[in-house]
Amino acid sequence: MTDKNGIYLSVDGDDAVRVIIENNIKIQTDRIKISEELIGELEFDLSNYEAVLDRIIEETEPLDGIGEYSEEQFSNVSNAALELADGVRENDLTSGILLRATVNKLLDFEDDGTAMCLMTTMSNIVDALREPLDTRYILYKYLKSRSEFDTHEEWLWKNILSEGYFFRRDYPYEIINYDLFTNEPKLSQVFFFDNYADYFVFLFLKFAKQQKRVLECPCCGKLFVPKSNRAEIYCDRIIVDGKTCKQIAPKLARKLKQRNDPLLEEYERAKNRNYKRVERFENSGGSRTVMRYTFDDYKAWLDKVSEIKRLYLQGKVTADEFKSAILSS
Ligand SMILES: [Zn+2]
């Protein structure tokens, strides 16, 4: 099981055990909750990642504007890609490992010395590095849309099945002779991943199977999976002074009701408007005629403005400050 770099995964409901392999060495074995892994992944801030990726893309331009590439240019791109993966790894081990595994796989090619060969590999590297950005948007889109449907079936029919192509992938697995959960002898199925999108889409499919709900927390604006089927409105994230949304939000919500404040409506409208901008940009396939506004731009804005909304309701920032945060993007 340790011959390839990447993540081996065994699944049981929302529980999974992973074995992370790097340079033929087992660097970590851990137990995860699929729902937490999925939602947690969407919370990493990749705005800096996007900026670095843009610089790497510039570096892949042909030297003479037509089709001339140098070995040096190629090695700059490869090194920058590996460095980017390692940068991600510092905060987000899973994604860092998967990105590095993908780039390494792409670099393991037969160099025939032609410009075509260098060009294809560089373009494959760029595609691989872009994958987390596109995948995160799609995961967010489907998880968020779950909150708009009352039942799991409705969500599957109207939302997931109509765009099923994205989920149709190969998920290679092997049968090993022990259980990753208990270590006891048993024939068990272990999936292998060395690619970002495959790993997270697989988790998404396993998550969707569990028929859990997903809600958007009105306090922090982030997605969460309610712990029970009882009416939960707010999430359990700690947002200030060791207190969670669930603890502080009800009081703020009462204030909100009393105030009937047009700024809060403006905040809701801006949220919808900006999310629509992300959809437009992502659906355009990167067209230059559509204004660039990525999922990560939206996420950074939403995190900031939700925080300011809370401070505003607590009387810690002024209406003007709140308003300018709403209108910033
Ligand atoms: Zn929250």
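How many Å apart do the C-alpha centres of domain 1 and domain 2 lie? In this predicted model, the C-alpha centres of the two domains are 28 Å apart. Domain 1 covers residues 6-209 of the protein chain, and domain 2 covers residues 215-327. The points below take the contact between the domains, then a sheet, then some helices.

**Where the domains touch**

- The contact involves 15 residues of domain 1 and 13 residues of domain 2.
- On the domain 1 side, two or more residues each come from helix H1 (34-41), helix H2 (47-59) and helix H5 (115-146).
- H5 gives the largest share of that side, with six residues.
- Sorted by class, the side of domain 1 that touches domain 2 has seven nonpolar, five charged and three polar residues.

**The sheet**

- Five strands make up an open sheet with antiparallel pairing, in the order S3-S2-S1-S5-S4.
- Strand S3 (25-33) and S4 are the edge strands, and each of them pairs on one side only.
- From one strand to the next, the twist averages 30°.
- Strand S1 (residues 6-12) and strand S2 (residues 15-22) run antiparallel and are joined by seven bridges.
- Tyrosine 8 has valine 19 in S2 as its bridge partner.
- In a regular strand, side chains alternate between the two faces of the sheet.

**Strands S4 and S5**

- Five bridges pair S4 with strand S5 (residues 185-193) in the antiparallel sense.
- Glutamate 174 is opposite valine 190 in S5.
- The two strands, S4 and S5, form a hairpin with six residues between them.
- In the turn of this hairpin, asparagine 183 has a positive phi of about 70°.

**Helices against the sheet**

- H1 lies across S2 and S3, and runs at about 100° to S3.
- Helix H4 (residues 93-107) lies across S1, S2 and S5, and runs at about 125° to S1.

**Helices H2 and H3**

- Two packed helices are described by the distance between their axes and the angle between them.
- The axes of H2 and helix H3 (residues 71-91) come within 9 Å and cross at roughly 170°.
- Angles over 145 degrees count as roughly antiparallel, so H2 is roughly antiparallel to H3.
- From H2, the residues Tyr49, Val52, Ile56 and Glu59 take part in the contact.
- They meet Gln73, Asn76, Val77, Ala80, Ala81, Leu84 and Val88 in H3.
- By class, the contact of H2 with H3 has eight nonpolar, two polar and one charged residues.

Terms used: Residues numbered from 1 in each chain as written. Predicted model: local features only at pLDDT ≥ 70, side-chain atom pairs only at ≥ 80, totals over all residues. Domains from an automatic or database assignment. Contact = placed C-beta atoms within 7 Å. Helix = DSSP H or I, 4+ residues; strand = E, 2+ residues; numbered from the N terminus. Nonpolar A, V, L, I, M, F, W, Y, C, P; charged D, E, K, R; others polar. Pairing = 2+ DSSP bridges. Axes fitted to C-alpha atoms, helices over the stretch in contact; angles between N-to-C directions. Parallel < 35°, antiparallel > 145°, perpendicular 65-115°, else oblique.
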